Amino acid sequence: MRIAFIGHKRIPSREGGVEIVVDELSSRMSARGNRVVVYNRKGHNVAGAEFDNTVNASDKPFSYQGVQVVPVTTIDAKGMAALSSSFFATLKAIAAKPDVIHYHAEGPCVMLRLAHWAGIRTVATIHGLDWQRAKWGRFASTYLKFGERTAARCADEVIVLSRNMQEYFTKTYGRDTRFIPNGIERKQLVTAQEITSEYGLRKDDYILFLGRIVPEKGVHYLIDAFGKLDTDKKLVIAGGSSDSTEYYEQVKQMAAQDPRIILTGFVQGRMLQELYSNAYIYVLPSDLEGMPMSLLEAMSYGNCCLTSDIAECTEVVEDKAASFAHGSADALYKALNELIRHPQKVQKYKNEAADFITGKYSWDSVVDQTLALYKGEKVGE
């Protein structure tokens, strides 16, 4: 098949969960003999220009793991990058006449209508209800909601990542969707080296949050809760701001009040592997999620995970992780304190996490179902 992907920022990149998903799907589909084109945004890494690499700088098409990557014109400004890049990517994709265009995230789905009018089969993956995110103003939220509505009305198929979101589309739009969650593979544990030399961190002596520093991730709850703990363990907050500079500055000010808190900024490569491999607990205190790739990754490294009790997290972890009432720093403090005081409970979660998550979610299964959907076969539920 000839397949096009639109809606992510860039591949290869770890700027967000969407980028990881598009990377996995496109490269695996190419390996199966499909002709895959991925349309990258131009512009700076969302975590800051200091994290730019050759992918950001590329103006010309290049090959990555058998995938043709085509950079497209992008207005690199808050609220405009997704709009402009998805517009120009859609024009290029329509001209190339693929068998299917797969859109990712709500904003880019606004342009799906153009492909629909051109008679090209379209599939949309809704990674989360992006219009609810606190970082967007009224215009951006309205635009994102329009993208969601466009996907519901025009896409040949809509993929959702949680049962909660599937129910939302049924109630809001009367739209049947396909539940195809993300996949994950078991990760190889690595010893603490870079994190020791850079931050003095060693195995099991820190609590980890790893993700984008945006309001809906609930990092402020975590800092409040951690401040009440009587513990020698450190709190590591790893991630970039992603269009939420004001919130990131708020987090930095809060963290500065406690010398036990370490802000690493955006991490990747060996540093990221070491942080996942050596954490005592991984915490995801989100108020809003789609299907958090960082949570799947944390479990695949064999971490004890503590998440908020929103459905998008509890559906993933079931009884193989701890949870707390979302939006409550007090509930998070109690849950953290319980795990710090009972290391045997932490070890139990660690022992079960990797086998559970890799058995439940498989990229091969995701690719099988998605390719079938491209061909018009009914999959998922």
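This is a predicted model: local features need pLDDT of at least 70, side-chain atom pairs count only at pLDDT 80 or more; totals for chains, interfaces and linings use all residues.
Tyr168, Phe169 and Tyr173 form one aromatic cluster.

**Aromatic cluster**

- Across the whole structure, a search finds six aromatic pairs.
- In the pair of Tyr168 and Phe169, the ring centres are 5.6 Å apart and the planes stand at 85°, so the geometry is edge-to-face.
- Tyr168 and Phe169 are both buried; for Phe169 the relative accessibility is 0%.
- Phe169 also pairs with Tyr173 in a tilted arrangement, with 5.6 Å from centre to centre and 40° between the planes.
- Helix H6 (residues 163-173) contains both Phe169 and Tyr173, which are four residues apart, or about one turn of the helix.

- The side chains of Lys171 and Glu167 form a salt bridge, with an N to O distance of 2.9 Å.
- Lys171 is exposed at a relative accessible area of 66%, whereas Glu167 is partly exposed at 42%.

**Other salt bridges**

- The structure has a count of 25 salt bridges.
- One of them joins Lys350 to Asp204, with the closest N and O atoms 3.2 Å apart.
- Lys350 is buried, with a relative accessible area of 14%, while Asp204 is partly exposed at 27% relative accessibility.
- Another salt bridge connects the side chains of Arg260 and Asp258, at 2.8 Å from N to O.

- Strand S9 (residues 206-210) is largely enclosed by the rest of the structure, because five of its five residues are buried.
- Both faces of S9 are covered, with Tyr206, Leu208 and Leu210 buried on one side and Ile207 and Phe209 buried on the other.
- S9 runs parallel to strand S10 (residues 234-238), and five bridges join the two.
- Within this pairing, Leu210 has Ala238 of S10 as its bridge partner.
- Between S9 and S10 the chain passes through helix H8 (residues 219-227), giving a right-handed β-α-β crossover.
- S9 also runs parallel to strand S12 (residues 281-284), to which two bridges join it; here Leu208 has Tyr282 as its bridge partner.

**Eight-stranded sheet**

- An open sheet of eight strands has the order S3-S4-S2-S1-S5-S6-S7-S8, with mixed pairing.
- Its edges are strand S3 (62-64) and strand S8 (178-179); each has a single partner strand, so one side of each is left without a neighbour in the sheet.
- Strand S5 (residues 100-104) pairs with strand S6 (residues 121-126) in the parallel sense over five bridges.
- The bridge partner of His102 in S6 is Val123.

**Nonpolar surface patch**

- Phe87, Phe88 and Leu91 make up a nonpolar patch on the surface, and together they have about 230 Å² of accessible area.
- Leu91 lies in helix H3 (residues 81-96) and counts as partly exposed at 40% relative accessibility.

Technical notes:
Residues are numbered from 1 along each chain as its sequence is written. Side-chain values use heavy atoms; hydrogens and water are left out. Patches are made of residues with over 30% relative accessible area and no salt bridge: like charges are joined within 9 Å, nonpolar side chains (Val, Leu, Ile, Met, Phe, Trp, Tyr) within 5 Å. Accessible areas come from the Shrake-Rupley method with a 1.4 Å probe; for residues, only the protein chains shown count as cover. A salt bridge is a side-chain nitrogen of Lys or Arg within 4 Å of a carboxyl oxygen of Asp or Glu. Buried means under 20% relative accessible area, exposed over 50%, partly exposed in between (1.4 Å probe, protein chains only). Two strands pair if DSSP finds at least two bridges between them. A crossover is right-handed if, with the strands pointing away from the viewer, the path from the first strand over the helix to the second runs clockwise. Rings of Phe, Tyr and Trp (its six-membered ring) pair if their centres lie within 6.5 Å; planes under 30 degrees apart count as stacked, over 60 as edge-to-face and the rest as tilted.
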